Amino acid sequence: MAIFKCKMCGGDLNVNDGMSLCECEYCGTKQTIPNADNEKKVNLFNRANRLRFANEFDKAAGIFENIIAEFSEEAEAYWGLCLCKYGIEYVDDPTTAKKIPTCHRTSYESIFEDNNFDLALEYADSESLQMYRTEAKEIDRLQKSILEIAQNEEPFDIFICYKETDDAGQRTKDSVLAQDTYDALTSKGYKVFFSRITLEDKLGQEFEPYIFSALNSAKVMLAVGTKYEYFNAVWVKNEWKRFLDLMRNDRSKTLIPCYCDIDAYDMPPEFKNLQGQDMSKIGFIQDLLRGVGKILSSDSSVVKETIIQSSTNVSASPLLERAFMFLEDGNWQSADEYCEKVLDMEPKNAQAYLGKLMSELHVKDENSLVQIELNLNNYDNYKKAVKFANGEIKRKLDWLREQTTKKFNEDTYNSAIKKMSELQSNHLIYVYRIIDTYQQAIKLFEGIYDYKDVKSKIKECKNYIYQKGILKMQDGEFDDAIKLFKSIDCYKDTEQLLKECKHGNDVKIIFNSAKSFIKKYHPDMYHLKTALADFERLDKSENLREAFKTEKFIDICNRMIAIQNDIIPLEAEKEKLSMLQFKEKKEVHAKLDTLYNLIGNIQLEI
């Protein structure tokens, strides 16, 4: 009987072989469960669900990916990826006391369009399939209600991401610094999302719609932090990680790490290539305001006064033609203004939304859109163009999406393969360089997870790091091995190997002590047997056996013990011989010298 953790409350589920559905005796929720045919799989699922309970959705998703890498037809793992993608947490309904989903990672993409959901249905049995569809309907309803609220929110220029309270519930220094920055920015007329103030009138409501709306509309995020752990706090990381994901497909967005009291190199590795701001530096606010001003002034969302023709008998066609002429000339602002004039007359004009998209992306003609390495589905103007388009325009937009996605995937794939080649080359010597290159390759691959042979490439990268860790471990470089294994958390038997590495560091003292016993000038039987016992204890682990060369030292101990067994009776015989037995004593001394010389020769092998 396997024991899984309930996805809703975390209680123990007692599962028999062959079961695909189970009811939790603690919260009463009926739910799907994995196939309990493998102990390792059970442990991985329980660990992934523990991380998801803690809202560590990215880490949980990584473990679900590892499960899929080994058990590719496990429907529950694909469903777990869906729960992580949409940040689903199950909470108590105050009216019914039942567990209901709440969403912490809203997306414009419906769960019914998600590839992992399709795979979950494909590999599920009939009972589980129906359960997945029922839960997906509730998640989709939840998503739509969030999007409906978010659509009515005013757009923001800047989003300030920070940790509000510490472990004791007290306000953090980060919060104070963030509010000082908020005050400076709002005094310049910027619309700033700062949860302490922006959400203060939203008590008793779900915050997700407002956070989602702000993340999508803001062109700048300021990630404020005074400690490494504050940058990586669950909800803080949830916000900046989502913003980074949006940045992949929207070049107009910028994330600026703002740090204080820590080294820039102690910030999350995801910030490595971002230009940060030291908040303790004199003139920080002035530098920040100037930098933010440059970013937002170049953005097409800056409000400009336009003269709108209100005459109802004026055709939109000439205005639309002018707009596309402005695009050809690279006059993005005027093109956008004329498209707005068209939309004032015809709010559902798909061609005008296409013109606004081209202005936003600084593209002169429609064919040039194909060269853009972006996912057009992430752009509001494209989505509105598709929504209102029909006939030839709709076919053109669908073709554009297909081509840009294909180019984005191919370019990303080639960049990832290049990083993978760097990873597997011999010029990377230092562990931190190996891990950094590995993480860059994996991040690129994960962005196009279902493209070509990406899944096998990810597995190949992880296996390379795994083998590197084994080699480091066998060379006795346990600290380096630990870093490598941690970077591929839960891959194969890394949990066990991490324990062995930590144990390896602990037993170095034992090993060195045992080694010193057999290096003594005349090691006695007690010390030799003590050393042998220590070496045999280390020999139980295959990797520690290789790291400490225990097989060699066990052989040395056994040979020295055999010689010592010959020495002991000779030493006793020497003591019994009288002073007059010169010849006999000389013979005994000669034999002893020979035996001690043998021990000396063996010690030279150490």
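1. Helices (H or I, at least four residues) and strands (E, at least two) are DSSP runs, numbered from the N terminus. By that count the protein has 24 helices and 11 strands. Helix H10, one of them, spans residues 234-249 and contains Arg242.

2. The model is predicted, so local features need pLDDT of at least 70 and side-chain atom pairs count only at pLDDT 80 or more, while totals for chains, interfaces and linings use all residues. Residues are numbered from 1 along each chain as its sequence is written, and side-chain values use heavy atoms, with hydrogens and water left out.

3. On overall shape: the C-alpha trace spans about 140 × 60 × 50 Å along its principal axes.

4. Arg242 counts as buried, because its relative accessibility is 10%. Buried means under 20% relative accessible area, exposed over 50%, and partly exposed in between (1.4 Å probe, protein chains only). Contact means heavy atoms within 4.5 Å. Leaving aside neighbours within four places in sequence, the contacts of Arg242 include His104, Glu208, Phe212 and Lys237.

5. A nonpolar core is a set of buried Ala, Val, Leu, Ile, Met, Phe, Trp, Tyr and Cys residues joined through side-chain atoms within 4.5 Å. The largest has 109 residues, and Phe64, Trp79, Phe485, Ile518 and Phe535 have the most contacts inside it. Its largest share, 9 residues, comes from helix H23 (residues 550-576). A second, separate core of 32 residues includes Ala316 and Tyr379.

6. The structure holds 29 salt bridges, each a side-chain nitrogen of Lys or Arg within 4 Å of a carboxyl oxygen of Asp or Glu. One of them joins Glu495 and Arg47 (3.1 Å, N to O). Glu495 lies in helix H20 (residues 494-518) and Arg47 in helix H1 (residues 39-53), so this pair ties together parts that are 448 residues apart in sequence. Glu495 is partly exposed at 39% relative accessibility, and Arg47 is partly exposed at 23%.

7. Another salt bridge pairs Lys85 with Asp114 (2.7 Å, N to O). Lys85 sits in helix H3 (residues 75-85), and Asp114 in the loop between strand S6 (99-103) and helix H4 (115-123).
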